[in-house]
2 protein chains.
Amino acid sequence: MEKVRETARGAKQASYELGLISSKVKNKALLAMAKALEVKAGSILAGNKKDLAAAKGLSPALVDRLTLNKDRIRSMALSLRAIVSLKDPVGQVINSWIRPNGLRIQKVRVPIGVTAIIYESRPNVTSDCIGLCLKSGNACILKGGKEAINTNRAVYRVLKSAAVKNGIPAGAINFIDSTRREAALSLLSLSDYIDLVIPRGWEGLIRFVQDNSRIPVIKHYKGVCHVYVDRFADLKMAREIAFNAKVQRPGVCNAMETLLAHKDIADKFLPEMIRRFREADVEIRGCSETCKIVKGLKKAKEADWSAEYLDLILSVKVVENLDAAIEHINHYGSRHSDSIVTGNKANALKFLNMVDSACVYANASTRFSDGYEFGFGAEIGISTDKLHARGPMALEELTTYKYKIFGNGQVRK
Amino acid sequence: MEKVRETARGAKQASYELGLISSKVKNKALLAMAKALEVKAGSILAGNKKDLAAAKGLSPALVDRLTLNKDRIRSMALSLRAIVSLKDPVGQVINSWIRPNGLRIQKVRVPIGVTAIIYESRPNVTSDCIGLCLKSGNACILKGGKEAINTNRAVYRVLKSAAVKNGIPAGAINFIDSTRREAALSLLSLSDYIDLVIPRGWEGLIRFVQDNSRIPVIKHYKGVCHVYVDRFADLKMAREIAFNAKVQRPGVCNAMETLLAHKDIADKFLPEMIRRFREADVEIRGCSETCKIVKGLKKAKEADWSAEYLDLILSVKVVENLDAAIEHINHYGSRHSDSIVTGNKANALKFLNMVDSACVYANASTRFSDGYEFGFGAEIGISTDKLHARGPMALEELTTYKYKIFGNGQVRK
């Protein structure tokens, strides 16, 4: 795949130049790109039509994810405009100090370099990633799924053309125009040119990337999120939070998959909670204690405790105490997002301290784990890794740092 | 290797507890551990004697690295005491803000969890890593080289015993008492329990770790460091810096391997510089231009430009201009440490901005890339990776963060 290598080499070259381009020029380009999306919506919709024609076999949910219309294109443009208003992290002096020998050390935020994004379905990922990488000074290489190739190509062409006309080096925005697995494999081998890979999609895609990459990967495999209802919980609040965490959008990674209830409030809390879930067509899989409290439930199997259903299914467990809840979450969870509902401050703090997840909540729904909801303005993904970036990732997470050291002839004794 | 797995499982368990232990307790333990090193120096020297007896075949330099005496043990104790005086990064609130819906989000520094260090030779690495991991709240698993196994075991036993007596959970400090390669391989597979691997040693060890690890690795392969002498350089300063960067300690990663000189000053700069290097027994390998200016030099081959000699050997190249110097460094360098000597501020800034290395210097020796010299008080390694930690790594680089979110019943609309 000599072509993929050439693309990556060009991206590396362009990344040096892009890293030095001012916020003003990047913002001007982003505004032009947003406008171009709207003006050239026709060419994008034409590409989308081809993909939809080929998507006959896909599920209605997947077809919906794939479908574009003028409104959706307008909201892609809005996202690019939102990125304009975000603070540019590049060049920020994180820290600065002077050593006894007079050396002045600056720790300065810089772009990571070249970021590859390997993703599935939704075409808005194409414009979001191009926008976030551009603003954070990273050259990007996009490899989308084959089901959206015509749409993604059209979006890429519109955005790149507007960017280049506005002073962005051509090598800064790249698209692998191939649906072959070899193209992805080739990309993942190019550690000399690519600094970071972000896979976005289902678990199989992410495992494929992780298993085959010679480049550092930031990812999340699964979101097995918990709500734990403590014995000091306001049970009405607990029901609102748990219902929201499961039902508001069950197919996403920050939705709850397991509900834990303290044994002292289980009798009072669970019957009404489960009735409400069943009214919303949620299938409940209970531990033996839960099945005693509410009759007629399906019994949870061991595999349920680590399952990411992404669907209207919920496992429910009664736990002995706070410690048991924490232990359950650290054992079966995926280090994504977990919440305690409690009126007891010490218990809340213990939960927040000891649950080893990216986002830990007291008295709120796990559904807030999201770049927009955190106030980052946008999101390039969520990380359940512990290194570099954890939780929602946006502009700052697309940067690294370097040390600039200013001397006047210092040598080491 | 069931035993390695059990060790790692225990470390994970202990890490949750260790992460909550106060700075006061950790500092008290570190002071006791420093004292124990001095009081029990005898048992450590006895272990060292065994290793030295087995080291007959090794080079004098390696034997020297391996050798302990009372002074060296005292300086290991001093390093632990220095760690006591360093600020504990755990619990630091990096950022905190309130969302329009009332959610209060805190970004808080937390230990990474379990850190494995795989290293060669020098026994002080054992005590430094135990001390740094303890202070940063990380459980550690040490796997040293076979040439130092008796020394490392003795150091580990002395330190662990003192730590445990002072309130540190036993699982927080671990030592793989095996010289078998399988033990290292087994460790590298335990991604469920170990969060980070730091290899320290020669390039072969690091490649072995990187190629076999299922756990994230932070590392540096090589230090191919450059000094570029600009046409606006103070040539006397340039000679002091270049001489120091090459000769003061040639066997370390932040020593210079290639000297670049602007063509306009090469005639004036190189003859005296090279004479001085030759007096210090440095072998010079020059580009064709360098070989014209100074007669009788060995000619550099292509492989020289990316060689990490770690020895009294230096490649020298005359470059057309600043851009050519930057391009050479980004192409052949290892993203470690590079320096420009110049009196021209714009050129200095351009170099610092465009050279894609962890540490970029203006008018100082590359030899300052070091945790102590940076003022971090200690060092667990240097990273030439771009993600998570870059450059010298100490306490802060052994932490990650989590988001603690405080609500009062918020659900997502």
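1. In this predicted model, helix α2 (residues 23-39) of chain A packs against helix α6 (residues 124-135) of chain A at an angle of about 165 degrees. Their axes are 10 Å apart. Angles over 145 degrees count as roughly antiparallel, and α2(A) and α6(A) are therefore roughly antiparallel to each other. The crossing of α2(A) and α6(A) is right-handed.

2. On the α2(A) side, the contact is made by Lys26(A), Ala29(A), Leu30(A) and Leu37(A). α6(A) contributes Ser127(A), Gly131(A), Leu134(A) and Lys135(A). Sorted by class, the contact of α2(A) with α6(A) has 4 nonpolar, 2 polar and 2 charged residues.

3. Between the chains, 52 residues of chain A are in contact with 51 residues of chain B. Four elements of chain A give two or more residues to the side that touches chain B: α10 (235-247), α14 (345-354), β13 (359-364) and β16 (399-410). The largest share of that side, 11 residues, comes from β16(A). By class, the side of chain A that touches chain B has 26 nonpolar, 16 polar and 10 charged residues.

4. β16(A) also takes part in strand pairing across the two chains. Its partner is strand β13 (residues 359-364) of chain B, and the two strands pair in the parallel sense over 5 bridges. Which residue of β13(B) does Tyr403(A) stand opposite? Tyr403(A) stands opposite Cys359(B).

Methods
Residues numbered from 1 in each chain as written. Chains lettered and ligands numbered in written order. Predicted model: local features only at pLDDT ≥ 70, side-chain atom pairs only at ≥ 80, totals over all residues. Contact = placed C-beta atoms within 7 Å. Nonpolar A, V, L, I, M, F, W, Y, C, P; charged D, E, K, R; others polar. Pairing = 2+ DSSP bridges. Axes fitted to C-alpha atoms, helices over the stretch in contact; angles between N-to-C directions. Parallel < 35°, antiparallel > 145°, perpendicular 65-115°, else oblique. Left-handed = near helix turned anticlockwise from the far one by under 90°.
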